[in-house]
Amino acid sequence: MDTFQAIAHPARRWLLEVLADGDRTAGELVAGLPNLSQPSISRHLRILREAGLVTVSADAQRRRYALCVTRLVHIDMWINRLTRNDA
């Protein structure tokens, strides 16, 4: 999935904001968005993972998600290129 499509959904943007503060387990992320079901959060995390925006690692029986800033740097560079002021 395209990076911009991945960040288009508000729940996925929220997940990225939470992960910017540090790694979280899937359970912690589900608890933070009580209006979405666990399967829905899992789908959003899968999309973010496929877009290269988050990584996942096994921690015993849990999965820990972490922000992958490399792809975000590409977005930042693109925005900076569009918004730079050559005046």
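A salt bridge here is a side-chain nitrogen of Lys or Arg within 4 Å of a carboxyl oxygen of Asp or Glu. Keep in mind that this is a predicted model.

**Exercise 1.** Find how many salt bridges there are by this rule, and work out how the partners sit along their helix.

*Solution.* Start with the count: the rule gives one salt bridge. Next, the partners: glutamate 50 pairs with arginine 46, and their closest N and O atoms are 3.4 Å apart. Finally, the spacing: the two residues are four apart in helix α4, so about one helical turn separates glutamate 50 from arginine 46.

**Exercise 2.** Describe the overall layout of the protein chain.

*Solution.* First, list the elements: there are five helices and three strands. Then read along the sequence, and you get α-α-β-α-α-β-β-α. For the dimensions, the C-alpha trace spans about 55 × 25 × 25 Å along its principal axes.

**Exercise 3.** Work out how helices α2 and α4 are oriented and which residues meet.

*Solution.* Two packed helices are described by the angle and the distance between their axes. For α2 (residues 10-20) and α4 (residues 38-50), the axes come within 10 Å and cross at roughly 70°. Now the contacts: Ala11, Arg12, Leu15 and Leu16 of α2 meet His44, Leu45, Ile47 and Leu48 of α4. Sort them by class and you have six nonpolar residues, one polar and one charged.

**Exercise 4.** Say which residues make the nonpolar surface patch, and which helix gives the most to it.

*Solution.* Phe4, Trp78, Ile79 and Leu82 make the patch, which covers about 370 Å². Helix α5 (residues 69-83) gives the most, with three residues. Leucine 82 lies in this helix, α5.

Note on methods
Residues are numbered from 1 along each chain as its sequence is written. This is a predicted model: local features need pLDDT of at least 70, side-chain atom pairs count only at pLDDT 80 or more; totals for chains, interfaces and linings use all residues. Side-chain values use heavy atoms; hydrogens and water are left out. Axes are lines fitted to C-alpha atoms, for helices over the stretch in contact, and angles run from 0 to 180 degrees between N-to-C directions. Contact means heavy atoms within 4.5 Å. Ala, Val, Leu, Ile, Met, Phe, Trp, Tyr, Cys and Pro count as nonpolar, Asp, Glu, Lys and Arg as charged, and the others, Gly among them, as polar. Patches are made of residues with over 30% relative accessible area and no salt bridge: like charges are joined within 9 Å, nonpolar side chains (Val, Leu, Ile, Met, Phe, Trp, Tyr) within 5 Å. Accessible areas come from the Shrake-Rupley method with a 1.4 Å probe; for residues, only the protein chains shown count as cover.
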